Amino acid sequence: MKTLYGIDSVPSAWPASAVSIGKFDGVHAGHRAVIAELKAIAEREQLAAVVVTFDRHPLALLSPANCPSTLVSAQQKLNLIAETGVDATLLLEFNHALSSLPPREFIERILVTALHARFVLVGRDFRFGAGGAGDVALLRDLGAEFGYEVSLIDDVKPDGQRRVSSTWIRELLGNGAVAEAGRLLGHLPTVRGVVVHGAARGRELGFPTANLSADSDGLIPADGVYAGWLSDAGSRYPAAISVGNNPTFDGVAQKQVEAYVLDEVDLDLYDHAVDVAFVERIRGMVAYSGIDPLIEQIRDDVARVRVILGRESSR
């Protein structure tokens, strides 16, 4: 996939394209349905398949107090879109200049002049241009003028009632329901961060953990203990993951993500950027009366992780 950063990065000789525009936060099952349809149209019509998205949620600029937490960072989003096999993603910086473009100018500059759009796929609630003044009806009117066709994608409703949305997935992650969130995402909820030195309590207890930096990318689920995977430079390891402030000890920062990698005794991850993916929640966070009960609970957690991940036998 070719990544284009801003309108000015689009080559002047860019081919005619099928384009989909949206926030694509999480690149969930609904987004993937849109992209699958985009690719089908592009292949049928011999066009380039292009996704247009933004480097941040528009509300981060327009109304920060009302901006929801994003499911993935801009780089995570680009990586997930790349996995779908589109030809290119155009990542737009959502700044004051872009947000103030009148709807017609937004379409003309991005879809027509830069990408030579012939087909445009959007959801039924798609809005564009300054103040969200543009809607699907205007998009179609402009398409008749500029020579592109507009297609609407049907909502994906895995339970037959509620459409997949980033809001729903945030709710699930906020409740620790990572397995259900993963079903709606079409991929495991994942946090990416640099491994930093912690208080070494896990090592003292016999369960050394990789501690992620506080500025990790991706939406961290509710406090608790999870089964999941830690990936580093192409290698994936089964892990028991703790999220929270570890209430048995004082002075631990909120929302700390720690991953105990099973069966690896000499693994050095310090200063590595790793992905921690959540498969299933085992339990909530609990304060224990002492070290011995905590160690016993961790042993039980690790045993449950082995079963969930199919790693019952240690090496």
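**Ground rules**

I noted that this is a predicted model, in which local features need pLDDT of at least 70 and side-chain atom pairs count only at pLDDT 80 or more, while totals for chains, interfaces and linings use all residues. Residues are numbered from 1 along each chain as its sequence is written, and side-chain values use heavy atoms, with hydrogens and water left out.

**Helix 1**

I turned to helix 1, residues 29-45; helices (H or I, at least four residues) and strands (E, at least two) are DSSP runs, numbered from the N terminus. At 1.5 Å a residue its 17 residues should span 24 Å, which agrees with the 24 Å between its end C-alpha atoms; the expected span is 1.5 Å times one less than the number of residues.

I then listed the buried residues of helix 1, which are Gly-30, His-31, Val-34, Ile-35, Leu-38, Ile-41 and Ala-42. They lie on the same side of helix 1 because they cover an arc of only 135° around the axis, the arc being that of the directions from the helix axis to the C-beta atoms. I recalled that an α-helix has 3.6 residues a turn, so residues three or four places apart point the same way.

The face turned away from that buried side carries the exposed residues Glu-43 and Arg-44. What covers the buried residues includes strand 2 (17-21), strand 3 (48-54), strand 5 (117-122), strand 6 (149-152) and helix 7 (166-174), with contact meaning heavy atoms within 4.5 Å. Just after helix 1, I found that Gln-46 takes a positive phi of about 60°.

**Salt bridges**

How many salt bridges does the structure hold? I read off 12, each being a side-chain nitrogen of Lys or Arg within 4 Å of a carboxyl oxygen of Asp or Glu.

In one of them the side chains of Glu-45 and Arg-44 meet at 3.0 Å, N to O; Glu-45 is partly exposed, with a relative accessible area of 36%, and Arg-44 is exposed, at 53%.

I next found Arg-56 and Glu-93 meeting in a salt bridge at 3.8 Å, N to O. This pair links distant parts of the chain, 37 residues apart, with Arg-56 in the loop between strand 3 and helix 2 (58-62) and Glu-93 in the loop between strand 4 (88-92) and helix 4 (96-99). Asp-55 belongs with Arg-56 and Glu-93 in a network of salt bridges.

Returning to Asp-125, I saw its side chain meet that of Arg-163 in a salt bridge of 3.7 Å, N to O. This pair also links distant parts of the chain, 38 residues apart, from the loop between strand 6 and helix 7 for Arg-163 to the loop between strand 5 and helix 6 (136-146) for Asp-125. Arg-163 counts as partly exposed at 36% relative accessibility.

**The barrel**

Last, I traced a closed barrel of six strands, which runs 7-8-11-10-9-12 with antiparallel pairing; two strands pair if DSSP finds at least two bridges between them. Strand 10 (residues 235-244) and strand 11 (residues 256-261) pair in the antiparallel sense over six bridges, and the bridge partner of Val-243 in strand 11 is Val-257.

Notes
Buried means under 20% relative accessible area, exposed over 50%, partly exposed in between (1.4 Å probe, protein chains only).
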